[in-house]
Amino acid sequence: MPNNEEIVLLAHGDGGRLTHELVTGLFLRHLGNRTLAAMTDAAAFPVGEGRMAVTTDSFVIDPPFFPGGDIGKLAVCGTVNDLAVSGAEPRYLTAAFLIEEGFPLAGLERVVASMAAACRDAGIEIVAGDTKVVGRGQLDRIFINTTGVGVIPPGVDLGYHRIAPGDRILVNGNMGDHGMAVLAAREGFGFGDRLVSDCASLHRITGRLLAGLEGVKLMRDLTRGGLATSAKEIAASSAVDLWLGETDIPVGAGVKGAAEMLGVDPLYLANEGKFLAVVAPGEAEQALALMRADELGREARIIGEVKAGAGNVFLKTALGGTKYLDLLAGAPLPRIC
């Protein structure tokens, strides 16, 4: 393991000896598997029956280490979740690292070890990768891109085309944990251990729903823009209205208190371990029970209903009024993923 004084040098990215040492001595030591160990230009691997799903995402979070996770765990969970809410079983990832010269090697190892742990937890492998090192000031510490490959089992059909009036809207837990934890860590707010990111891979709980029910019609992970923005996008794409109940939407006490103090709406804060599901009314209670049976769904709730309309989202407030929810305007919390 490198000591705290060793740093990433430009030579670590020049393809020479130091690059080889970085790849074999650090990346392969943590992420190695039979496919990756072949060190070929492209990975070859088996896939199952059904349709393939592919997604890619880049992670530039500031700070790279935060309560509940770090950029490595986030890069795995974020891409796994994009596959999971598409109905896919995640199988493989690729990982590309962009590193600023001067980044501590011990910090890089902490990130890679975290990625390895997240992969083991998710039951997937990183089968290809790339490393580039740029000069000081040309990027902020470390960025990671991950591409995910998964298989959508036969019979799984998720999409806006299936949503109809009467469907119920469910979430698997408290809103805003990730966004508020990152904001507090970045700004140095003294909230102690009350704010922790919900960063986690969702494929097991989404798989539980899809295996148990035919009435799961659409799922979305609630990342940038939070619940409100995702709900608006779903309503607009489905040409229906979504009615949500403010008192039904779970928000943890820590996030609620911090949001009130900072003037931030938890419904627009990012999550990294939460998703929304639109479910046929006759299966909503079964879906809720399946969610609550999973560790990541203990606080699951039915939070609203789909009604005929024109693509709007309405929030029935705790005081009995009705509030219109729109897309997130601007970027009050940039670089949260």
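This is a predicted model: local features need pLDDT of at least 70, side-chain atom pairs count only at pLDDT 80 or more; totals for chains, interfaces and linings use all residues.
Two strands are said to pair if DSSP finds at least two bridges between them.

**Stop 1**

Select residues 313-316, which form strand S12, together with residues 322-325, which form strand S13. These two strands run antiparallel and are joined by 4 bridges. Display valine 313 next; its bridge partner in S13 is leucine 325.

Glycine 245 may be highlighted here, as its bridge partner in S12 is lysine 316.

**Stop 2: the nonpolar cores**

The largest nonpolar core contains 75 residues. Select Phe97, Leu108, Met115, Ile142, Leu227, Leu242 and Leu244, the members that touch the most other members. Helix H4, residues 105-122, supplies the largest share of this core, with 9 residues.

Which residues does isoleucine 142 touch, if those up to four places away in sequence are not counted? They are Pro64, Ile71, Phe97, Leu98, Ile99, Phe103, Leu108 and Val111.

Another core, of 21 residues, lies apart from the largest one. To find this second group, select Ala88, Ile152, Val156 and Leu209, which are among its members.

**Stop 3: the largest pocket**

The largest pocket holds about 590 Å³ of space. To locate its centre, select Arg220, Asp221, Thr223, Ser230 and Glu233, the closest of the 33 lining residues. Strand S8 (216-221) and helix H7 (226-238) each contribute at least two residues to the lining. The largest share, 4 residues, comes from S8. Colouring the lining of the largest pocket by residue class will show 17 nonpolar, 8 polar and 8 charged residues.

**Stop 4: the second largest pocket**

Finally, move to the second largest pocket, with a volume of about 450 Å³. Its lining comprises 25 residues, and Val23, Leu36, Met39, Gly129 and Asp130 lie nearest the centre. Two or more lining residues come from each of helix H1 (17-31), helix H2 (34-37), strand S4 (89-100) and strand S5 (125-134). By class, the lining of the second largest pocket divides into 13 nonpolar, 9 polar and 3 charged residues.

Key
Residues are numbered from 1 along each chain as its sequence is written. Side-chain values use heavy atoms; hydrogens and water are left out. On a 1 Å grid over the protein atoms alone, a cavity is a set of points where a 1.4 Å probe fits but cannot get out, and a pocket is an open set with protein on both sides within 12 Å along at least five of seven lines; lining residues have an atom within 4 Å of a point. Grid points are joined across faces, edges and corners, and a volume is the space filled by probe spheres set on the points. Ala, Val, Leu, Ile, Met, Phe, Trp, Tyr, Cys and Pro count as nonpolar, Asp, Glu, Lys and Arg as charged, and the others, Gly among them, as polar. A nonpolar core is a set of buried Ala, Val, Leu, Ile, Met, Phe, Trp, Tyr and Cys residues joined through side-chain atoms within 4.5 Å. Buried means under 20% relative accessible area, exposed over 50%, partly exposed in between (1.4 Å probe, protein chains only). Contact means heavy atoms within 4.5 Å.
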